[in-house]
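Please open the structure in your viewer and keep the selection tool at hand. The stops below proceed one selection at a time.

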Amino acid sequence: QVQLVESGGGLVQAGGSLRLSCAASGRTFSIYAMGWFSQAPGKEREFVAAISWRGGVTNYADSVKGRFTISRDNAENTVYLQMNSLEPEDTAVYYCAAKRTDYPQQYSYWGQGTQVTVSS
């Protein structure tokens, strides 16, 4: 099992920045990739960004390209999401997720989420 704990959410004005962190523990050697998802009130969970655990290959949702950056620190088993130029539409609960090396087709582990609120 892998446990994921997010932190760094909060209230910020439009145009501001936040950095989310996700600390992984447990069987971290089994992690294949990690990602961030967002879920706004009344909406489905959406993909934001992902990074492969070994090669550091990244991909982003079109809505965040150029504004958000995902990165990882393998030594600390932590993935980050730097969010710049935040917009009110970015308001959501942000979840960290991890894929297993032996089952990379979908995300197997999820954190509890951290709230991001962007005021206009």
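A residue is called buried when its relative accessible area is under 20%. The model toured here is a predicted one.

**First stop: the disulfide.** Select C22 and C96, which are both buried. Their sulfur atoms lie 2.1 Å apart and form a disulfide. A disulfide is a covalent bond between the sulfur atoms of two cysteines.

**Second stop: the core.** Next, select L4, M34, W36, V79, L81, M83 and Y94. Of the 30 residues in the largest nonpolar core, these touch the most other members. Among the elements giving two or more residues to this core are β1, β3, β4 and β9. In soluble globular proteins, nonpolar side chains tend to be buried together.

Select F37, F47, Y107 and W110, which form one aromatic cluster. The ring centres of F37 and W110 are 4.9 Å apart with planes at 55°, so the pair is tilted. F37 lies in strand β4 and W110 in strand β10, so the pair ties together parts 73 residues apart in sequence. F37 counts as buried at 10% relative accessibility, whereas W110 is partly exposed at 34%.

**Last stop: a charge over rings.** Finally, select R45. Its charged end sits over the ring of Y95, 3.9 Å from the centre, and also over the ring of W110, 4.6 Å from the centre.

Methods: Residues numbered from 1 in each chain as written. Predicted model: local features only at pLDDT ≥ 70, side-chain atom pairs only at ≥ 80, totals over all residues. Heavy atoms only, no water. Disulfide = S-S within 2.5 Å. Buried < 20%, exposed > 50% of the residue type's maximum accessible area, 1.4 Å probe, protein only. Core = buried A, V, L, I, M, F, W, Y, C linked by side-chain atoms within 4.5 Å. Helix = DSSP H or I, 4+ residues; strand = E, 2+ residues; numbered from the N terminus. Phe/Tyr/Trp six-rings, centres within 6.5 Å; stacked < 30°, edge-to-face > 60°. Lys NZ or Arg CZ within 6 Å of the ring centre and 35° of its normal.
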